[in-house]
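Subject: Structure for your review

Dear colleague,

Please find the structure below, together with its sequence. My notes on what was found in it follow.

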Amino acid sequence: MTGVMKMRLFHLILAGALLAAPSAFAQSMPFWKSYTQTGSLRDIIPSAGNDNSVATWFGKKIDVTGGKATNLDRTGGSDSGTNISAAYVAATSPLKKYLSASKTNRFTVYFGSVAKFPNIAHDVQSTLSTGDIGLYEHGTAMTKVSDTDRQAIQNTWGITGAKISLASGGGGTGMAELGCCDKPTQTNLNQFGGALPALANMNIPDSDGGDGVSEIMTDAEEAELEKSIGGIASAAHSSRSIAPVMRPDGALPDLWSTSAIYANARKLVMATGAVAVDVPPTLALSFPRIVMDQYVDEINWAIQNHLRVTLIVSPYKLGAAGCSFDPDFLQNTKEFISYLLSKGPPPTEYVVEDYCDPPTPSQYVNGSTGDSDPTSTNQVALYLSTLPVSPMGTAKPTISGGLSEADAVNQGNLYSPLNVTNMVFDAPYAHTLTSMPLNSISNLMKYNLSSLGGMAYQQSSNVQISGGGIYSNSPLNITLTNGKILVQGDNADLTIAGPAGKTQLRSNDIDKYLTVYDPYTNKGGGFHFGGPKNANAAQLYAGGGTDDANSLTLSSGAEMNFTFHDAEAGSTGNFINTGVSRTTGMFAVQNFSSINDWATGFQWAPRGVSEADRPWAASSADGTIVYFHMNNAYYSGRLTTNGDIVTNGNLLTGGSLKISAGASLALGYGAGKTPTYFTPDQYGNTAISGSIKIDGSITLGRFTKAEVLGYPNPVEGMKLYDTDDHVEVTYRCPTGTSCGWFPTQYGSALSN
């Protein structure tokens, strides 16, 4: 196939030479005839040796050595449809810079112009060499650009995968800007080369609460917009990720993320999976900072919801709007975006363009006047290409035909020069190429290394890949036999993308720990154990606690969702399960290995204390008794129990010992002993089951006579002391029905 590709390269060079040749060459043509038509051997054209040979004629304009064209200086043109090896293209064309320079393996900036769109075909070498800047195709510009200018732009930007000429078939890379809200007709699509790129932004009418206006979007308007945009996304040859252009109204103090005013706007962009924020930096900087904080809030909300969020900047002169020259466009763009990035996450990509509709005098408008023009919008595009972006949006649209940004980009095979489904087979080894699946690294290494465009090469048994990526529409199998995967570098990470977003693994910058986090929010991630479709499988993730940033949560569908196992030789080998009680929400412990009394509980292990002396608390097998095994137990607060408290030691309290009515305090409790019970009644009286021996004195309660007579609920045998008559009184019922307080009769006082 190498020979075939060289022949096709020869044809391309021939066509380019004829198209680009000056008039002198056109007036001096070789006298060649077709041998296949004349049948004369004299009409066979020799490759060299006389004045009519191929080498002679082509040597006038290009160097031909040994059948190879050398020292080519190509300007424009396209290699589409050829089998030129990717290695050759990467080594001899601006694509080499495009392939190697991209930081994210996707476009982070889209560059366009309404007033000066044809100029974008010229003086864009620096713009293209970044590898991060794609073509922005504004509907107004695409409608009015001539076929000649369209082809010139195609010749220059086709290297990025853009397709805007009718010959290209349309689609390709880039981003479109659409009006609102009809399905594209074939006539409309022809303005974009026959098909729209996968990504687009959609202008929303001001009457529906569109960009930066105070009209509130109604429920009916939101539903109609979902239907209309879904119709566009599901149409043949249309964009699949469509972002409504919407930004907060700076005249209102309300935040996009929380205000009811923007509820339907939020609902719409959640349905489309994307939103575009269009604000000229010069205009934005004229507002109070609180207004710019609203843009920060909208972008942050969109990133938090995994949407595509495109930030569009354009020139704007205060007092003259957007159709006059803005001398501070670049500087104001830097100041504006620096402010946004200091307050929140970056968008997923940027757009720079102008909005002046031709035939506005172009000299009065900023535009795509070339990389060498310091006042051009090219300079803004180059600046934006140096800025960080958030990961592509992964939120799944609910509109008909919609795709997330990541799915739209990957499904269209738009950006990656290493897409294995579209590789050219160069057979770098002596091997007869046969049909084989491109779904394993070994196949890529063995047969496709030279087709990786200079971005991958073989070194002994190693494959080095610098930039780009490898995509496969079928499973990509990587088998390592006694091998390893090493991801290294100051900020090296392993990113795993799934339908709900991305998770990144990175070596911690401070220590040797592995960091798991969500690149959208920069918050910690986690692990899911079990099948990906098992919602009840165990999960370990950051957050969920009162300190969301620093807590760690273990979750699963099981009540006992964490197990400790002692696997040390000679140990009990017990499995202890812990979790959260489904009925009470309390922390629960279960001994999976034993059903004996005191087998389920906690043990405290202070350093230096032997296992025999460690305090512990455990439950009986039937759960009716909790046993505390410790020398002393101290409670600094209140201890309340509805059951018994049994102690083999002393019960010391610095406060009151309170016993509910009907319960007892048993002293002398133990096997083979008869305890004395102290049992209070509901009136505050305490019954004692045994006799009392008092080695000290006893003092009766002291009351006035009136208080004695009014004492509540007295019972026969009760004694008090009457402080008025200085006498002990006893409550008696001599007749059984007539009761009263009787004073004690005293003799003479004691004397020596």
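**Disulfides and their surroundings**

Cys733 is buried, its relative accessible area being 14%. Please note that this is a predicted model. The cysteine is joined by a disulfide to Cys739, with an S to S distance of 1.7 Å. Cys739, by contrast, is partly exposed, at 35% relative accessibility. The link of Cys733 and Cys739 is right-handed, with 110° about the S-S bond.

The structure holds 2 disulfides. Another one joins Cys180 to Cys181, where the S to S distance is 1.4 Å. Here Cys180 counts as partly exposed, at 35% relative accessibility, whereas Cys181 counts as buried, at 15%.

Strand 31 (residues 727–732) and strand 32 run antiparallel and are joined by 4 bridges. Within this pairing, Arg732 has Gly740 in strand 32 as its bridge partner.

Strand 26 pairs with strand 27 (residues 676–680) in the antiparallel sense over 3 bridges. Leu667 stands opposite Thr676 in strand 27.

**Helix 12 and its cover**

How much of helix 12 is buried? Of the 10 residues of this helix (residues 263–272), 7 are buried, so the helix is largely enclosed by the rest of the structure. The buried residues are Asn264, Ala265, Arg266, Leu268, Val269, Ala271 and Thr272. Their cover includes helix 11 (219–234) and helix 14 (289–304), as well as strand 7 (241–245) and strand 8 (274–278). Helix 12 is followed by Gly273, which has a positive phi, near 75°.

**Aromatic pairs**

A pair of aromatic rings is described by the distance of the centres and the angle of the planes. The structure holds 9 aromatic pairs. In one of them, the rings of Phe107 and Tyr110 have their centres 6.1 Å apart and their planes at 75°; the pair is therefore edge-to-face. Both Phe107 and Tyr110 are buried.

Trp256 and Trp301 form another pair, with ring centres 6.1 Å apart and planes at 70°, so this pair is edge-to-face. Trp256 lies in the loop between strand 7 and helix 12, while Trp301 lies in helix 14, so the pair ties together parts that are 45 residues apart in sequence. Both Trp256 and Trp301 are buried. Together with Tyr262, Trp256 and Trp301 form one aromatic cluster.

A charged residue over a ring may also be of interest to you: Arg289 lies over the face of Tyr339, at 5.3 Å from the ring centre.

Asn591 lies in strand 22 (residues 587–591). Is Asn591 buried or exposed? Its relative accessibility is 8%, and the cut-off for a buried residue is under 20%, so Asn591 counts as buried. Leaving aside its neighbours within four places in sequence, Asn591 is in contact with Asn574, Phe575, Ile576, Ala599 and Thr600. Asn577 is 14 residues from Asn591 in sequence, and the two are 6.3 Å apart in space, C-alpha to C-alpha.

With kind regards

Note on methods:
Residues numbered from 1 in each chain as written. Predicted model: local features only at pLDDT ≥ 70, side-chain atom pairs only at ≥ 80, totals over all residues. Heavy atoms only, no water. Disulfide = S-S within 2.5 Å. Buried < 20%, exposed > 50% of the residue type's maximum accessible area, 1.4 Å probe, protein only. Helix = DSSP H or I, 4+ residues; strand = E, 2+ residues; numbered from the N terminus. Contact = heavy atoms within 4.5 Å. Pairing = 2+ DSSP bridges. Phe/Tyr/Trp six-rings, centres within 6.5 Å; stacked < 30°, edge-to-face > 60°. Lys NZ or Arg CZ within 6 Å of the ring centre and 35° of its normal.
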